[in-house]
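Here is a short report on one protein model. Keep the structure in view as you read.

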Amino acid sequence: MLVPVRDEALNLAATAASMQAQQFPGEIEFIFADGRSSDDTLEILHDLAAGDRRIRVVDNPERLTPHGLNICLREARGTFVARMDGHAQYPSDYLARGVERLGRGDVAWVSGPQLPRGEGWWSSRVTLALQSTLGRGGSRRWRSDSGSEAADELPITSGSGVFLGVWRRSTLLELDGWDEGWAANQDVELAARIEARGDRIVSLASMGAFYIPRNSPRSLFRQYFRYGFFRVKTSRRHPGALRLSHLGTPCIVAALLASSLPAGAPSRRRIRTAARAASGAYGLAVLTGTARVARRREPLDWILVPGVLAVMHVSWGVGFIAGCWRLGPPTEGLKSVARGLRVRVGGPSRQRRPAEARPGPA
């Protein structure tokens, strides 16, 4: 198991316990790459290693997640590897189920849904927000919809997002591991390369892992800003990683900014009026989403959940805009989204027309 960690002292003991409890018919090794933690993470790791010979601790001088993952990958000796995080907890058969599914030979990556479980005044409201469609943004990484047998396994793409998982070590070595230019969104970038090879990724509902969301507005803003920024970088390299829903939050940010334009020329007033209408519609959507998840006995939910959603959306949108400014817009990805939108709106009817009736060259 590959586990990059940095400053995870608060959650590390519980996370390590869920890893050590894995029931697997074979040998397991746990490789923790410490990113020069400033808290007691390294001491906790050494204590764990002293009590469990399966645990190894390695140094990650670059401190970033993809570097830690690649260090662990180079140290790994097994046929299969699993990525795990230091602030999540896993079912006892996580590894066994992933390996069993890989053994069928038709997929290259097996993951599970990300199940938020808040601990703290803000983290618990992030958990509520992630129960709403506005919080999840249509991503399949957050859950596998229950209620149907087909939902036990869902296909995953770079566009829909992915959470951790299990691979054959040879697959990752062939791909040279994680791209170290991706401080965030590195799993999505890896998923795009796996897709490019023609391989499949699936999410098993039974492999859902509990994840502890950030417990402050500042840390949540930073997290989602990075998501938005690196989605641009990923989409520039892999246009198929961009979805229509990814463009919603940048549009929200643009509408909020345009709604504060000073009065001036009629054209500017029209833009401001339209932006304010869009901002009002967004605010109504946030309140509607809050009403679906807020707890009746917790009045503070009605204040904090809208705040959580706003932080998520604004920070992701600002990050996306900053990525476009810094790296350049994901032009090919935007074209792909536009083509997909045209097909949704009018494509099928055009496709049903006889070839001889279509205008233009064949």
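## Two helices side by side

Helix α1 (residues 12–20) and helix α2 (residues 41–51) pack at an angle of about 30°, and their axes lie 11 Å apart. They therefore count as roughly parallel. Axes are lines fitted to C-alpha atoms, for helices over the stretch in contact, and angles run from 0 to 180 degrees between N-to-C directions. Helices (H or I, at least four residues) and strands (E, at least two) are DSSP runs, numbered from the N terminus.

The crossing of α1 and α2 is right-handed. From α1, Leu12, Ala16 and Gln20 meet Thr41, Ile44, Leu45 and Leu48 of α2. Contact means heavy atoms within 4.5 Å. By class, this contact holds five nonpolar, two polar and no charged residues. Here Ala, Val, Leu, Ile, Met, Phe, Trp, Tyr, Cys and Pro are nonpolar, Asp, Glu, Lys and Arg are charged, and the others, Gly among them, are polar.

## About the model

This is a predicted model: local features need pLDDT of at least 70, side-chain atom pairs count only at pLDDT 80 or more, and totals for chains, interfaces and linings use all residues. Residues are numbered from 1 along each chain as its sequence is written, and side-chain values use heavy atoms, with hydrogens and water left out.

Now take helix α9 (residues 217–237) and α12. Their axes come within 7 Å and cross at roughly 40°. α9 and α12 are therefore oblique to each other. This crossing is right-handed too. The contact of α9 with α12 has 17 nonpolar, four polar and four charged residues.

## The cores

Which residues touch the most other members of the largest nonpolar core? Met1 and Phe32 do, out of 55 residues. Helix α12 (residues 301–327) gives the largest share, eight residues. Apart from this core lies another, of 22 residues, including Leu2, Ala108, Leu175 and Trp178. A nonpolar core is a set of buried Ala, Val, Leu, Ile, Met, Phe, Trp, Tyr and Cys residues joined through side-chain atoms within 4.5 Å. Buried means under 20% relative accessible area, exposed over 50%, and partly exposed in between (1.4 Å probe, protein chains only).

Look at Phe32 again. Beyond four places in sequence, its contacts include Val3, Val5, Leu12, Met19 and Leu45.

Trp167 lies in strand β9 (residues 165–168). Trp167 is buried, because its relative accessibility is 0%. Leaving aside neighbours within four places in sequence, Trp167 is in contact with residues including Phe80, Leu102, Trp109, Trp178 and Ile194.

Tyr211 sits in strand β11 (residues 209–211). With a relative accessible area of 4%, Tyr211 is buried. Tyr211 and Leu115 are 96 residues apart in sequence, but 5.7 Å apart in space, C-alpha to C-alpha. Not counting residues up to four places away in sequence, Tyr211 touches His87, Trp142, Phe163 and Gln223, among others.

## Two positive phi angles

Most residues other than glycine have a negative phi. Arg63 has a phi near 75°, a positive value. Arg63 is in the loop between β3 (55–59) and α3 (65–75). Leu164 has a positive phi near 55°, and lies in the loop between β8 (153–156) and β9.

Arg63 is partly exposed, at 35%.

Key: Angles under 35 degrees count as roughly parallel, over 145 as roughly antiparallel, 65 to 115 as roughly perpendicular and the rest as oblique. A crossing is left-handed if the near helix is turned anticlockwise from the far one by less than a right angle, and right-handed if clockwise.
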